[in-house]
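Visitor: I have a structure open and would like to go through it. Can you take my questions as they come?

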Amino acid sequence: MTKSEDSGPAGFGRRGLLAGGVGGLVVGGLVSGVSVATTRSVGGDSAGASGEDTVPFYRTAGGPLGQAGVQTPPPQYSVFMSYDLDIATGRELQVLLARWSAAIATLMQGKALSVIEPERANAQPLDSGEAKGLPAANLTVTLGLGPGIFDKRFDLASKRPKRFKNLPEFSSDATLDKDYVGGDVCLHACSDDPQVAYHAIRVLTRMARTQATTKWTIIGFGRASAQAGQDTPRNLFGFKDGTRNVKTDEQFKQWVWVDDDDVDWMQGGTYLVSRKIEMNLETWDADPIDDQNRIFGRHKDSGAPLTGHGEFDTPDFAAAGEDDGTAIAHRSHIALSAPENNDDVMILRRPYNYTDGLNERGLLDAGLHFLAYVNDPEHYVRLQQRLDFGDLMNEYVFYRGTGLFCLPPRPAEGRYIGQELFD
């Protein structure tokens, strides 16, 4: 079933087409000097039943202007990869964005990029094949641009979004791993099948092997947030996560999608904050349940605030508690991040749990890949600064990675992600 919300450009001549490009038929004209088009999978080779469990890549009538993978209800699995670019001109950047867009559109339909077994014995198939026979399973691939895109390499300084500034240094950044910081571009694949998400990032990375170098990656499992129509899941601390998330179209318009007070080409886009948060799970598991509840400000089982009975009851931050305090501690996680305590500011949370096995001390290396989407990064900054200096949870978490990206709007059919940068 096609999602209700959200529910190709291969060209630049022989070199651009053959150097890992999409092995499809090319139809179309010239846009900003770039041959762009809709691509069709060669030979009809398909990774599954096209149209079933698929999300539209291109803009649809009445649909959101933002890319798929933002307002789309999050599926279960995530593969996020950040890259540094090895190209030097704006035209080369156009090539990469156009080819990636064409490939993403094909993959999100549940189709392969090429035949899996070419007729020529010495040919290398463009598609690695591990998703052959698998449906798209609600695959989305979202593309973000890092601050480096707007430096002198690509002559795009005048197109830099007004609100796209480097995040300030937080006190929690003291534990960052430099190998998980920043990047020129990012790709984020989400699917209800982990192999489908992995395959998407694998083949897209292979396409760009001479244009981009992998900087860092995080493989996520078990979505740790909910959007409209979804039950609230749990993070690795065992608590429900994302109860008071952005969910309605009105909230997306107010807090997520960029409007006309930013640069023209970003209208309908958004900003993405990525934070890799390691959880000290062994220490947390040894903490008594009443202290765990106090730290979150909620009951672990039901998800209800400590002043309520149901998960969606509005917290009463003024209600009296024991020892002349409040029932919900002022430094609890929900008290510091609640909209009513932050001038009604909201952020779209779309994180995933992750695990990297064991760390050098033999402890679980796991946590939360926190992903926040905002129309103004200052909204995230405000909340994070409050959490930095007061959150009771800080004893149990370490920030290992960080990044800020701008996400161009969803392209119309026949165009590619970020094409407005070059119009």
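Guide: What follows is a set of questions and answers on this structure, which is a predicted model.

Visitor: Which residues have the most contacts inside the largest nonpolar core?

Guide: W100 and F237 do, in a core of 80 residues. Helix α2 gives the most to this core, with ten residues. There is also a second, separate core of 20 residues, which includes I218, W257, L348 and L371.

Visitor: Now α2. How far does it reach, first C-alpha to last?

Guide: Helix α2 covers residues 90–108, 19 residues in total, and reaches 27 Å. That is close to the 27 Å expected at 1.5 Å a residue.

Visitor: Is α2 largely enclosed or open?

Guide: Largely enclosed by the rest of the structure, because 17 of its 19 residues are buried.

Visitor: What follows α2?

Guide: G110 follows α2, and its phi is positive, near 80 degrees.

Visitor: Which residue just after α6 takes a positive phi?

Guide: G297, at about 85 degrees.

Visitor: Stay on α6. Which of its residues are buried?

Guide: Helix α6 runs over residues 289–296, and its buried residues are D291, Q292, N293, I295 and F296. The cover over these buried residues includes α5 (281–285) and α7 (333–337).

Visitor: Why does N293 count as buried?

Guide: N293 counts as buried because its relative accessibility is 12%, and the cut-off is under 20%. Leaving out residues up to four places away in sequence, N293 touches F239, R298, H299, K300 and L306.

Visitor: Which residues of β9 point which way?

Guide: T270, L272, S274, K276 and E278 point one way, while Y271, V273, R275, I277 and M279 point the other way. The residues in both sets are all buried.

Visitor: What does β9 pair with, and how?

Guide: Strand β13 (residues 397–407) is joined to β9 by ten bridges, and the two run antiparallel. Strand β12 (residues 364–374) is joined to β9 by eight bridges, also antiparallel.

Visitor: Which residue in β13 is the bridge partner of V273?

Guide: L404 is the partner of V273 in β13. In β12, R275 has F370 as its bridge partner.

Visitor: What about β7? Which of its residues sit on which side?

Guide: V185, L187, A189 and S191 are on one side of β7, with C186, H188 and C190 on the other. Both faces are covered, and these residues are all buried. Strand β7 spans residues 185–191; seven of its seven residues are buried, so the strand is largely enclosed by the rest of the structure.

Visitor: Which strands are joined to β7?

Guide: Strand β5 (residues 77–85) is joined to β7 by seven bridges, in an antiparallel arrangement. Within that pair, V79 stands opposite A189. Strand β6 (residues 140–145) is joined to β7 by six bridges, again antiparallel. The bridge partner of T142 in β7 is H188.

Visitor: Last one: Q227. Where is its place?

Guide: Q227 is in the loop between β8 (212–223) and α4 (249–255).

Visitor: Does Q227 count as buried or exposed?

Guide: Buried, because its relative accessibility is 2%.

Visitor: What does the side chain of Q227 reach?

Guide: The Q227 side chain reaches the backbone oxygen of V70 at 3.0 Å. Aside from neighbours within four places in sequence, the contacts of Q227 include Q71, T72, P73 and P74, along with N245, V246, K247, F252, L348 and R350. L348 is also one of the residues of the second core.

Note on methods. Residues numbered from 1 in each chain as written. Predicted model: local features only at pLDDT ≥ 70, side-chain atom pairs only at ≥ 80, totals over all residues. Heavy atoms only, no water. Helix = DSSP H or I, 4+ residues; strand = E, 2+ residues; numbered from the N terminus. Buried < 20%, exposed > 50% of the residue type's maximum accessible area, 1.4 Å probe, protein only. Polar contact = N/O pair within 3.5 Å; in protein donor to acceptor, adjacent residues only side chain to side chain. Contact = heavy atoms within 4.5 Å. Expected span 1.5 Å × (residues − 1). Core = buried A, V, L, I, M, F, W, Y, C linked by side-chain atoms within 4.5 Å. Pairing = 2+ DSSP bridges.
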